[in-house]
Amino acid sequence: MPTRTRFTRRTLATAAVAVLTALFLAPSTARAAPPRESRPVYSYAGAVRESVWVDTGLDDDGDGRTDRVAADIVRPAEPARQGRKVPVIMDASPYYSCCGRGNESQVKTYDANGRVVRMPLFLDNYFVPRGYAFVGVDLTGTNRSDGCVDVGGRSDVQSAKAVVDWLNGRARAYTSRTGGTPVRAGWTNGRTGMIGKSWDGTIANGVAATGVKGLRTIVPISAISSWYDYYFAQGAPLYDGGPGELAGYVESDDARSHCAAVHRKLADGSPRSGDWTPLWTERDYVKDAAGVRASVFAVHGMQDLNVRTKHFGQWWDALAAHGVERKLWLSQTGHVDPFDYRRGAWVDTLHRWFDHELLGYDNGVDRAPVADVERHPGQWVTSRSWPPRGTRATVLHPAPGARAGVGTLGLRPAAGTETLTDDPGLGEGDWAAHLTAPTPEKAGFLTAPLAHGLRLSGSSRVTVTATPTTASAHLSAVLVDLGPDTIRDYADRGEGITTLTDRTCWGASTAGDSACFKETRAKTAAVDYTVFSRGWADLGHYASLGKGVPLTPGRPYTITLDLAATDHVVPKGHRLALIVAGTDKDLVDPPSTRPTLTLTLSGTRAALPLTGGAAAFARATTGHTPAAPAPPTLDGVRAPHPVRHIPAG
């Protein structure tokens, strides 16, 4: 449940800031009312464009001098000439030269003097005329920065934190990568907001977790909160590769020539065994949520199979436990930026958020509903709190049915067993397509058709007691909404959107930096079922993430799988289902063996975040009508296309 006390405390401070900045964007009057919205009154074409290199204080590349990171700046010229200071919007990224940002994969471009000409995305075009500076930071080891990429570790985070420190007068910067001419950020008041998708948003999480002063808000989009959970799910390896390969993908040519030692350290510290190591502890921001001073506006696609929603769910819960001011958008898409699925509302909401958090304007965004959730493609609902009030973890139990492998799901514990054999050639779509029929690779448990809709909001946990026939085994647990619907086609390469040729413009343009971007529309699919939450684990890590162990065939083991956070309504007439299976094809690497697993149903249960709790479940499953005969094969989205393990945009 969101905590509002911090908002109240900060509102007093922001009201004072609003008074002090009342003349910032409005004509001078004797009694000017505090502004509610920043206006595009400054010249984008005449903006100051400059680059500085900020000293991180680290020497990760081992060349005997501390590493400097490049920060490219676009800021309005007029406030500095008038003696006024501006706040900063900052995106720290490894992708500014290697891979690009946004739906059109834009990279930075420079003029002959090394000044940035095109800054990717719309943020500088839109916000610089409104009195903000935009700073694009090249993470260490990328583009024009020194050092080595360490994939979310100390160097990654410090390279962005050092820029926040410099903006607040606590760090040194220079006019060149190697020169000795210092430069101060006298044009800013130090109030900084970080934003970014995927790796960029991940760095925003990491910097916020340091508690750095001056960072007032972050907007992490599809961001990682713990790098272990990007590469593993409770010991089960996801996809392939590791942070060493990822570093090589984004690093500059200069870094590639002298960062072999860092690569070895990344590879050695992240064994494919799935064991938790000190490398993962360093890259776990959730444990440091108590240090977060900034507000957090989190955005995530509920069908993101690259940076899965477990990341936002555990981050959100940890922030809530420490009273951090939060806001949330959840879409039906995969790994997609909100600029590309809800553009107008996104720009307006982000504008209001930054005006409130960085300029102190009392514009009501702090009193708006905390969460926006996409219920159907392009159709959104709001929640005053998230999860909604009355949402409680409700324990449901699987029970045997009339046919083997097709059981029931209800409030009462049951005895009995079910058996499945891991088939690495099949995945969640194959299991759900045959949910109502016995198949050897899965066990399914279904409610009757619901008499009332059921809303699940938050993170689920599924406890499984399983007896393997081999020394290794992986488990999957997925939640399914069984019934017809039209959803965003998150398994398509566009992950729920289709890019069009028409463009719309969001801010001011120059010859070298257009504010006009291709429009999109929802890419949808008509389905008979929707997989809406999933989780995986290696049974050998049943006792500890720190060290997996070989299993003893014939011995039962109990493990609890953490499922990805979601907000989903199973509507009236549909059925809620739980599937337990082995390897989820293309999402989890298979174990070294192909086990048969016997599930002990008395030791298997699902704790689901139901709005209304057990009473809502009982009401929804009482007075139902008999289910119509199901076709032998149900249609869903196609199998998700294999995702290269790169948290990019």
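I took buried to mean under 20% relative accessible area, exposed over 50%, and partly exposed in between, with a 1.4 Å probe and protein chains only. By that rule I recorded arginine 503 as partly exposed, at a relative accessible area of 42%.

**Entry 1. Ground rules**

I noted that this is a predicted model, in which local features need pLDDT of at least 70 and side-chain atom pairs count only at pLDDT 80 or more, while totals for chains, interfaces and linings use all residues. Residues are numbered from 1 along each chain as its sequence is written, and side-chain values use heavy atoms, with hydrogens and water left out. For helices (H or I, at least four residues) and strands (E, at least two) I used DSSP runs, numbered from the N terminus.

**Entry 2. Salt bridges**

I counted a salt bridge where a side-chain nitrogen of Lys or Arg is within 4 Å of a carboxyl oxygen of Asp or Glu. The structure holds 38 of them.

I began with arginine 503, whose side chain meets that of glutamate 104 in a salt bridge at 3.0 Å, N to O. Arginine 503 belongs to strand β23 (residues 497-505) and glutamate 104 to the loop between β3 (86-93) and β4 (109-110), so this pair ties together parts 399 residues apart in sequence. Glutamate 104 is partly exposed, with a relative accessible area of 26%.

I next examined aspartate 362 and arginine 367, which form a salt bridge with their closest N and O atoms 3.1 Å apart. Aspartate 362 is partly exposed, at a relative accessible area of 39%, and arginine 367 is also classed as partly exposed, at 45%.

I then looked up arginine 488 and glutamate 374, whose side chains meet in a salt bridge at 2.9 Å, N to O. This pair links distant parts of the chain, with arginine 488 in strand β22 (residues 474-488) and glutamate 374 in strand β14 (residues 371-376), 114 residues apart. Are these two residues buried or exposed? Arginine 488 counts as buried at 2% relative accessibility, and glutamate 374 counts as buried at 1%. I also recorded one network, in which salt bridges that share partners join Asp63, Arg65, Asp146, Arg177 and Asp254.

**Entry 3. Serine 226**

I located serine 226 in the loop between β9 (215-221) and α6 (228-231). Serine 226 is buried, with a relative accessible area of 2%. I took contact to mean heavy atoms within 4.5 Å. Leaving aside neighbours within four places in sequence, serine 226 is in contact with Trp276, Arg283, Asp284, His311 and Gln314. I also checked aspartate 304, which is 78 residues from serine 226 in sequence and 16 Å from it in space, C-alpha to C-alpha.

**Entry 4. Glutamine 234**

I found glutamine 234 in the loop between β10 (232-233) and β11 (236-237). Glutamine 234 is buried, with a relative accessible area of 11%. Which backbone oxygen does the side chain of glutamine 234 reach? It reaches that of threonine 560, at 2.7 Å. Not counting residues up to four places away in sequence, glutamine 234 touches several residues, among them Tyr228, Trp536, His541 and Asp562.

**Entry 5. Helix α12**

I followed helix α12 (residues 343-359), which has 17 residues and reaches 23 Å from its first C-alpha to its last, close to the 24 Å expected at 1.5 Å a residue. The expected span is 1.5 Å times one less than the number of residues. The helix α12 is mostly covered, with 13 of its 17 residues buried. Just after α12, I noted that glycine 360 takes a positive phi of about 80°.

Methods
A polar contact is a pair of N or O atoms within 3.5 Å; within protein, one must be able to donate a hydrogen and the other to accept it, and residues adjacent in sequence count only if both atoms are side-chain atoms.
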